[in-house]
Every structure is written in C-alpha cells, then in structure tokens.
Amino acid sequence: MKWLENLISLAENSVVGKCPYCGSQNTAFGYQKLTEEGYGYGAVWCNDCKKGHFIDRVDISHIRNLGANIPRDVSYTD
C-alpha cells in the first residue's frame, strides 16, 4: 500500500506528508461523520496529482481535527 507511511504519519502527527505518487508536499486529509456514535470514513490525498487513499469504517468520535472537506475529484488508487 503506497499510502501506508502517510497513514501512520497522520495517526501519530496529524500530518499526511509527501505524496507517494508525485512527491508533492501539498497533501491533505479529511473525515466525514456518518452516525451519531461517531463512525464514518476518511481519506488522505494529494492536491496536485489528485491521487489518494480512502479509509473505510473509522471511529472518529475521538478525533478532534477532522481536516478538510474530501474533494470529489480524487482518484483512490490503492
């Protein structure tokens, strides 16, 4: 999985890091709450090449920074 180091960095430091596809530092993350209990989904992506990774079934009830709105034009590659 190309985005694994980015996901670890996000979990530990709240920073996505450079894109594993194009090397850009212009990356972002976001979460979307779906249930009252605090479950939803998330994503990390590159704002330059528009590639990203979708994160399914996330318990976001304990996450304070939900990040940016997830763009619709991201290609989830792996």
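This is a predicted model: local features need pLDDT of at least 70, side-chain atom pairs count only at pLDDT 80 or more; totals for chains, interfaces and linings use all residues.

Student: Why is the contact of Lys-50 with Asp-73 called a salt bridge?

Tutor: The closest N and O atoms of Lys-50 and Asp-73 are 3.8 Å apart. The cut-off is a side-chain nitrogen of Lys or Arg within 4 Å of a carboxyl oxygen of Asp or Glu, so the pair qualifies. The structure holds 1 salt bridge.

Student: What makes this a link between distant parts of the chain?

Tutor: Lys-50 sits in the loop between E2 and E3, while Asp-73 is in the loop between E3 and E4, and the two are 23 residues apart.

Student: How do you know whether Lys-50 and Asp-73 are buried, exposed or partly exposed?

Tutor: Compare each value with the limits: buried is under 20% relative accessible area and exposed is over 50%. Lys-50 has 27%, and Asp-73 has 47%. Both values lie between the limits, so Lys-50 and Asp-73 are each called partly exposed.

Student: And which strands form the sheet, and in what order?

Tutor: The sheet is open, with 4 strands in the order E1-E2-E3-E4 and mixed pairing.

Student: Why are E1 and E4 called edge strands?

Tutor: Strand E1 (27-33) and strand E4 (75-76) each have a single partner strand, so one side of each is left without a neighbour in the sheet.

Student: How do you know that E1 and E2 count as paired?

Tutor: Pairing needs at least two bridges. E1 and E2 (residues 39-46) have 7 bridges in the antiparallel sense, so they pass. Among the partners across these strands are Gly-30 with Ala-43 and Phe-29 with Val-44.

Student: What about E2 and E3, how many bridges join them?

Tutor: There are 6 bridges, and these strands run antiparallel. With at least two needed, E2 and E3 therefore count as a pair too. Ala-43 turns up again here, with Phe-54 in E3 as its bridge partner.

Student: Which residue in the turn of the E2 and E3 hairpin has a positive phi?

Tutor: That is Lys-50, at about 65°, in a hairpin with 4 residues between the strands. In the hairpin of E1 and E2, with 5 residues between the strands, Gly-38 takes a positive phi near 100°.

Student: What makes E2 a mostly covered strand?

Tutor: In E2, 6 of its 8 residues are buried. E1 is mostly covered as well, with 5 of its 7 residues buried.

Student: Which residues of helix H1 are buried?

Tutor: In H1 (residues 4-13) they are Asn-6, Leu-7, Ser-9 and Leu-10.

Student: Why do we say that the buried residues line one face of the helix?

Tutor: Seen down the axis of H1, they fall within an arc of 160°, so they line one face. The face turned away from that side carries the exposed residues Glu-5, Ala-11 and Glu-12.

Student: What covers the buried residues of H1?

Tutor: The cover includes E1, E2 and strand E3 (51-59).

Methods. Residues are numbered from 1 along each chain as its sequence is written. Side-chain values use heavy atoms; hydrogens and water are left out. Buried means under 20% relative accessible area, exposed over 50%, partly exposed in between (1.4 Å probe, protein chains only). The arc is that of the directions from the helix axis to the C-beta atoms. Contact means heavy atoms within 4.5 Å.
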